Amino acid sequence: MDFDFKLSSHELRRGAFRTKVPGLTAKLGDYDEEFTVKDLSVSGLGIIDAASHVKEGQQTTIDLFISKRLYLKGLPCSILRVLPDGTAGIKFSELERRQEVRLDKLVLEVQKRLIELKKNAEKNENGSSNP
């Protein structure tokens, strides 16, 4: 089989598939505040930090919650960048094997659901165009 595809420089820089997970929030280190997770990958995530709590270079841990229920606890991470709009880019570091497996499972499950939604939308679109 022969095929060709191109990745944008943005996709190459990321290094991992990022997705949005409905209801995913995070707590960083000792902060009481829950942060909205903008996107997630197996290597890191983006959060919305409107109050500018986090600082670039900060080493901390993060807990992930899905619909207010704890999903993963104590993921070691570092703050890579903080943008003027309050978005903070966070990279996971030295995860335990169990943490990696649960994170992989979450991202894979979201990918599968997105593929299924896309297939259903295409099927409905093609089906509705036929008389």
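Predicted model: local features only at pLDDT ≥ 70, side-chain atom pairs only at ≥ 80, totals over all residues.
Trainee: How many bridges join strand 2 to strand 3?

Mentor: There are 4 bridges, and these strands also run antiparallel. Aspartate 39 has glycine 46, in strand 3, as its bridge partner. The hairpin here passes through 3 residues.

Trainee: Which residues take a positive phi in the hairpins on either side of strand 5?

Mentor: Let us take the two hairpins in turn. Strand 4 and strand 5 run antiparallel and are joined by 7 bridges, and threonine 61 has proline 76 in strand 5 as its bridge partner. Their hairpin has 2 residues between the strands, and serine 67 takes a positive phi near 50° there. Strand 5 then pairs with strand 6 over 5 bridges, again in the antiparallel sense, with cysteine 77 opposite phenylalanine 92 of strand 6. In this second hairpin there are 4 residues between the strands, and glycine 86 takes a positive phi near 95°.

Trainee: Which residues touch the most other members of the largest nonpolar core?

Mentor: In a regular strand, side chains alternate between the two faces of the sheet. With that idea in mind, we may turn to the core. The largest nonpolar core has 25 residues, and those that touch the most other members are Leu40, Leu45, Ile47, Ile62, Leu64 and Phe92. Two or more residues come from each of strand 1 (24-28), strand 2 (35-40), strand 3 (44-48), strand 4 (59-66), strand 5 (69-82), strand 6 (87-92) and helix 2 (97-129). Strand 5 gives the most, with 5 residues.

Trainee: With which residues is isoleucine 47 in contact, its neighbours within four places in sequence left aside?

Mentor: A list of contacts shows which parts of the chain meet at a residue. Isoleucine 47 is in contact with Ala26, Leu28, Phe35, Thr36, Val37, Lys38, Gly86, Thr87, Ala88 and Ile90, leaving aside neighbours within four places in sequence. For the chain as a whole, residues 24 or more positions apart account for 50% of the contacts with a separation of 6 or more.

Trainee: Is threonine 60 buried or exposed?

Mentor: Burial is read from relative accessibility. Threonine 60, in strand 4, counts as buried because its relative accessibility is 15%, below the cut-off of 20%. Its side chain reaches the backbone nitrogen of glycine 29 at 3.3 Å. Beyond four places in sequence, threonine 60 has contacts with residues including Leu28, Leu75 and Ile79. Across the 131 residues of the chain, 31% are buried.

Trainee: Is aspartate 63 buried or exposed?

Mentor: Aspartate 63, which is also found in strand 4, is buried, with a relative accessible area of 14%. A polar atom of its side chain lies 2.7 Å from the backbone nitrogen of glycine 74. Among its contacts beyond four places in sequence are Thr25, Lys27 and Leu72. Aspartate 63 and alanine 26 are 37 residues apart in sequence, yet their C-alpha atoms are 5.5 Å apart in space.

Trainee: What lines the second largest pocket?

Mentor: Rolling a probe the size of a water molecule over the atoms shows where empty space is left. The second largest pocket has a volume of about 270 Å³. Its lining includes Lys20, Val21, Pro22, Ile66, Tyr71, Lys105 and Arg113. Helix 2 gives the most to this lining, with 7 residues.

Technical notes
Residues numbered from 1 in each chain as written. Heavy atoms only, no water. Core = buried A, V, L, I, M, F, W, Y, C linked by side-chain atoms within 4.5 Å. Buried < 20%, exposed > 50% of the residue type's maximum accessible area, 1.4 Å probe, protein only. Contact = heavy atoms within 4.5 Å. Pairing = 2+ DSSP bridges. Polar contact = N/O pair within 3.5 Å; in protein donor to acceptor, adjacent residues only side chain to side chain. 1 Å grid on protein atoms, 1.4 Å probe; cavity = no way out; pocket = protein on both sides within 12 Å on 5 of 7 lines; lining within 4 Å. Points joined across faces, edges and corners; volume = space filled by probe spheres on them.
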